[in-house]
Amino acid sequence: MELGIIGLGKMGFNMAERLRLAGHKVVGFDFNKDATAKLTATGSVGVNSLEDLVSNLSAPRAIWIMVPSGDPVDQTIAKLEPLMQAGDTFIDGGNSNYKDTQRRHAEETAKGFHFVDCGTSGGVWGLKEGYSLMIGGDDAAVARLTPIFSTLAPSPTEGWGHVGPSGAGHFVKMVHNGIEYGLMQAYAEGFSIMKAKIPLNLDLTQISHIWQKGSVVRSWLLDLTADALDKNPTLAGLEAYVPDSGEGRWTVTEAIDLNISAPVITESLIRRLRSREENNFTDRMISIMRGAFGGHDVKKV
């Protein structure tokens, strides 16, 4: 099957390579000409314009969009629409807000196009391990893309599925990332507690490897943590600054709207925000209040 891919970052490039190795034709576009040249060098087709991308695909076309959420997705679709024809399919494989996805689905189907959302997890490891794919959209459009999804997934029958109508794929991926926030926070807090118990002189790298086998907290995330500790046991040179790409915020908002208590995910998001505050005003306020009501010492710079 043929697939166009827009956005040849690490994930987009690895997806293209996984498809190529399985015998699919891949045409890729990126504003970075080095990326398109690299794609061509591996045996796929790298192009430097959207016009060339579309012209190198046979109708009905399927184009997978891997760009940042929000306006970049809308702008990409707007540029593609005049080049495509009724029956072609847009696949949003990025981390879009599911409400935007539902809007885009309504807009594109009204114009005769198909629109499929695919929450995609796997990161840079997807080329080797396969990608977890959470797919939303109309039955017929999703069914036609089955050869693509079954190739990108860990196996033809595992790690992917059509989870519901338009927006469902991105909604499930949003919650997936919210859970990821909580898991990461729990691991980080646990290792921090062990590191602080100085009299026991605990080897965190050793412990991470012990937990990989037989433990109820074993996971792929723990495997990656163990590998990272092997390379940098003291986390030397790292700054305590943790970004968030939006999905955690959306998950917390949905939980509030649905009257669902989600304290772990919510607090893990707050901790990420806290990591960006240097000598933050909040903690200084708490310190001065403790000094005021209890006469506690206030540490000064």
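Q: How many salt bridges does the structure hold?
A: The structure holds 12. The term means that a side-chain nitrogen of Lys or Arg lies within 4 Å of a carboxyl oxygen of Asp or Glu. Side chains of opposite charge can pair when their charged atoms come close.

Q: What kind of model is this, and which residues count?
A: It is a predicted model, where local features need pLDDT of at least 70 and side-chain atom pairs pLDDT 80 or more, while totals for chains, interfaces and linings use all residues. Residues are numbered from 1 along each chain as its sequence is written, and side-chain values use heavy atoms, leaving out hydrogens and water.

Q: Why is the contact between Asp74 and Arg104 called a salt bridge?
A: Their side chains meet at 2.8 Å, N to O. That is within the 4 Å limit, so the pair counts.

Q: What parts of the chain does this pair link?
A: Asp74 sits in helix H4 (residues 71–80) and Arg104 in helix H5. The two are 30 residues apart, and the pair links distant parts of the chain. Helices here are DSSP runs of H or I with at least four residues, strands are runs of E with at least two, and both are numbered from the N terminus.

Q: Is Arg104 buried or exposed?
A: Buried means under 20% relative accessible area, exposed means over 50%, and partly exposed lies in between (1.4 Å probe, protein chains only). Arg104 has 1%, so it counts as buried.

Q: What makes the contact of Glu254 and Lys99 a salt bridge?
A: The N to O distance is 4.0 Å. That value is within 4 Å, so the pair qualifies. Glu254 lies in helix H12 (residues 247–257) and Lys99 in helix H5, so the pair ties together parts 155 residues apart in sequence. Glu254 is at 9%, so it is buried. Lys99 is at 45%, so it is partly exposed.

Q: Where do Arg103 and Glu107 lie?
A: Both lie in helix H5, 4 residues apart, about one turn of the helix. Arg103 is partly exposed at 30%, and Glu107 is partly exposed at 34%.

Q: Which residues do shared partners join into one network?
A: Salt bridges that share partners join Asp74, Asp92, Asp100, Arg103, Arg104 and Glu107.

Q: Where is Ser96, and what does it touch?
A: Ser96 is in the loop between E5 and H5. Contact means heavy atoms within 4.5 Å. Not counting residues up to four places away in sequence, Ser96 touches Ser69, Val73, Thr101, Arg104, His170 and Trp250. With 4% relative accessibility, Ser96 counts as buried.

Q: Is Lys128 buried or exposed?
A: Its relative accessible area is 67%, which is over 50%, so Lys128 is exposed. Lys128 lies in helix H6 (residues 126–129).

Q: How do you know that strands E1 and E2 pair?
A: Two strands pair if DSSP finds at least two bridges between them. E1 (residues 2–6) and E2 (residues 25–29) have 5 bridges, so they pair, in the parallel sense. Ile5 stands opposite Gly28 in E2.

Q: What is the order of the strands in the sheet?
A: The order is E3-E2-E1-E4-E5-E6-E7-E8, an open sheet of 8 strands with mixed pairing. What makes E3 (45–47) and E8 (160–164) edge strands is that each pairs on one side only.

Q: Which strands does helix H5 lie across?
A: H5 (residues 98–110) lies across E5 (89–92) and E6 (114–121), at about 155 degrees to E6. Such angles run from 0 to 180 degrees between N-to-C directions, with axes fitted to C-alpha atoms, for helices over the stretch in contact. Helix H9 (residues 168–196) also packs on the sheet, and its direction makes about 15 degrees with that of E6.

Q: Which residues touch the most other members of the largest nonpolar core?
A: They are Leu3, Ile5, Trp64, Phe149 and Leu152, out of 26 residues. H1 gives the most to this core, with 5 residues. A nonpolar core is a set of buried Ala, Val, Leu, Ile, Met, Phe, Trp, Tyr and Cys residues joined through side-chain atoms within 4.5 Å.
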